[in-house]
Each structure stands twice: as C-alpha cells, then as structure tokens.
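Morning, everyone. I have one structure to go through today, so please have a look at it while I talk.

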Amino acid sequence: MKASVRVFLKPGVLDVQGKAVENALHGLGWPQADNVRVGRVITFDLATADQAKARSEVEAMCQRLLANPVIESYQVEIDP
Amino acid sequence: MKAAVVVFPGSNCDRDCKVAIERSTGAKVAMVWHGESELPDGLDLIVLPGGFAYGDYLRAGAMAALSPVMGAVRVAADRGVAVAGICNGFQVLTEAAMLPGALMRNQALKYVCKAVELDVVNAQTRFTAAYGENRRAVMTVGNNEGAYFADGETLNRLEGEGRIAFRYRENPNGSLRDIAGILDEGGNVLGIMPHPDRAFEAALGSADGALLFQSVLGAA
C-alpha cells in the first residue's frame, strides 16, 4: 500500500507562512489568490494488504507523530 | 541539591544550563543522554535545554518527545520532581503533552534573538518564588517557533489557575496573551521560551535567570 498524509494547520489557526505566500502572489500580479495555506505531505509504503487496516494504522500514526492534533488537521489517502 | 540536564542530539544550550545552575545554586548537575531510560536518583530539578533536538525534524520537539529519556522524565514529573523546559525544551514538553498548547512559527516569520522584559505573573510557584517583590525580569529569547498557541478555553484555564508564570512586556513573536512561560496542573512542570540560562550573572546583561534556578534549588 502507498500511504499519503496531508497535514495542514487547522482552520482558524493563523498560518503565517500561508499569509506570506499569499502576499507574495498578490505582489506578483495574482490578487485573486485567497486563503493560501501551506502544509506538508508525507508519503510512505506500508507492508499490508488490508486497505481498511492500513487506514486505521496511518490514522494512529497521525495522532501519535505525523500531526500535532493541537494545531493541525490531516487527511489520509491509501492506494493499493 | 541535585539537578540533571537532558542532552538530545542537537541540543546546544545543555552546557549553558549546567553552568547556569551550578553558578546560581551550587547544585550538582548530571548530564543525561537522550537514550537513557533512567534518570539519576534524588533529582530536585530536570532541565530540557534549548537547541534543535533531532534537528527539529517534522516539528520542533516532536522527535525528542518520543525519545527514551522522556519516559523517565514523565515518571519523575508525576512524582513531583520539578521539570523545566527552556526554549526547545518547552517545545518538547508541549509535543510530549506534558504541557498544553503548542509553539508555532513566529508571527513575523523571523528568528527572534534579543533581550526581552518579562512580567513575573505568578511569584508563588516553585520556579518563581525567589523573584518575590521583584516582578520584572530580563532574559533573552532566541527562537523561530516561539509563538505560544492554545485554544481559548485552555488559555482561560491557564490564566484562571495562575499557571501563566511569565509574560512578555512587549510580545516578540505573536505568542497568545503574551505568554512566555506556563506551568502544568501540578505546578512542577514549567515551559519557558526565554533563556534563564543566558541571564544568570550581570556580565551576561542580566542575572534575573539565576532567580528561577534559585527558586527551585535554593541560592548558592
């Protein structure tokens, strides 16, 4: 299985990096860019054949390490 | 009196902490490698120092929070031993969920390194008693992820329970409610972003940090 985890700051938590990128895009002539958020993507292989089990394992990894639930939310994708 | 300073790969204030504690309190200081799963007996204070533990990979403090020594630190804290996380050490304590909230990128996206004036908000804690009537302290900050964040309910609780130990007089990094240092529920775990270990004698520009160590361990 291929796991892909996208981690972003929660809505409502000020993303100062996203804000800086947004201002830069405006400066480059794209004033229509709005609500820019900067996050990270973590990908890895997972040696298991059971997709549901893989998902629950990866969710647990997010809770324990990959994301900080105090400030971040995450989305998990599992592909065979 | 006996103290320990934890050394993570990437710590860079570990020796500063040792010297600061020895000179301001006369306590014996053991250096404990992050891979140890036991701490020396009879500790009165454990310090998690500043630096970039594990390269600050993933998030500042995230990897260090999982290191073997942190299990022992947690057990000691539960027994009531004083634990102080300074700068990166504060980040480790929040990542380990031994303190609430999180430390986020500074609002101006800049590394901030300068002397700051602090209010000693609560001078009746194990870490602040020696400040007494002297409710101002000068220390230096040096951080990139120093903006304290917690939800409103948590912030209100910290405030209501007297668990905000230090506040910035002029907020250098966007820290919510100007928070510079907080305590856990038991009052024996402190996270502080400014460095008392860089302010323990007048030659360093301030000796106010010495009072923090003296509060826990007594004066030299």
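This is a predicted model: local features need pLDDT of at least 70, side-chain atom pairs count only at pLDDT 80 or more; totals for chains, interfaces and linings use all residues.

Of the 220 residues in chain B, 56% are buried. If we take the contacts in chain B between residues at least 6 apart in sequence, 76% of them join residues at least 24 apart.

Next, the sheet that S1 and S3 of chain B sit in. This is an open sheet of nine strands with mixed pairing, and the order is S2-S1-S3-S4-S11-S10-S9-S6-S7. At the edges stand strand S2, residues 28-33, and strand S7, residues 136-143; each has a single partner strand, so one side of each is left without a neighbour in the sheet. From one strand to the next, the twist averages 20°.

Helices lie across these strands. Helix H2 of chain B, residues 68-78, lies across S1, S2, S3, S4 and S11, and runs at about 130° to S4(B). Helix H5 of chain B, residues 208-217, lies across S1, S3, S4 and S7, running at about 100° to S7(B).

H5(B) also packs with a helix. Its partner is helix H1 of chain B, residues 14-25; the angle is about 70° and the axes are 9 Å apart. That makes the two helices, H1(B) and H5(B), roughly perpendicular. Their crossing is right-handed. Which residues of H1(B) meet H5(B)? They are Ala20(B), Ile21(B), Ser24(B) and Thr25(B), and on the H5(B) side they meet Gly209(B), Ala210(B), Phe213(B), Gln214(B) and Leu217(B).

Two loop residues in chain B deserve a mention. Cys87(B) is not a glycine, yet has a positive phi of about 60°. Cys87(B) is found in the loop between S4 and helix H3, residues 88-95. Asp178(B), again not a glycine, has a positive phi of about 60°. The loop that holds Asp178(B) runs between strand S9, residues 164-168, and strand S10, residues 179-183. Buried or exposed? With 30 other C-beta atoms within 10 Å, Cys87(B) is buried. Asp178(B) has 19 such atoms within 10 Å and is partly exposed, as the cut-off for buried is 20 or more.

Finally, chain A. Here there is an open sheet of three strands, in the order S2-S1-S3, with antiparallel pairing. The edges are strand S2, residues 40-45, and strand S3, residues 72-79; each has a single partner strand, so one side of each has no neighbour in the sheet. The twist averages 15° from one strand to the next.

Strand S1 of chain A, residues 2-9, pairs with S2(A) over six bridges in the antiparallel sense. One bridge there has Val5(A) with Ile42(A) as its partner in S2(A). Helix H2 of chain A, residues 51-66, lies across S1, S2 and S3 of that chain and runs at about 155° to S3(A).

Key. Residues are numbered from 1 along each chain as its sequence is written. Chains are lettered from A and ligands numbered from 1 in the order in which they are written. A residue is buried if 20 or more other C-beta atoms lie within 10 Å of its own, exposed if 12 or fewer, and partly exposed in between; C-beta atoms are placed from the backbone. Two residues are in contact if their C-beta atoms, placed from the backbone, lie within 7 Å. Two strands pair if DSSP finds at least two bridges between them. Helices (H or I, at least four residues) and strands (E, at least two) are DSSP runs, numbered from the N terminus. Axes are lines fitted to C-alpha atoms, for helices over the stretch in contact, and angles run from 0 to 180 degrees between N-to-C directions. Angles under 35 degrees count as roughly parallel, over 145 as roughly antiparallel, 65 to 115 as roughly perpendicular and the rest as oblique. A crossing is left-handed if the near helix is turned anticlockwise from the far one by less than a right angle, and right-handed if clockwise.
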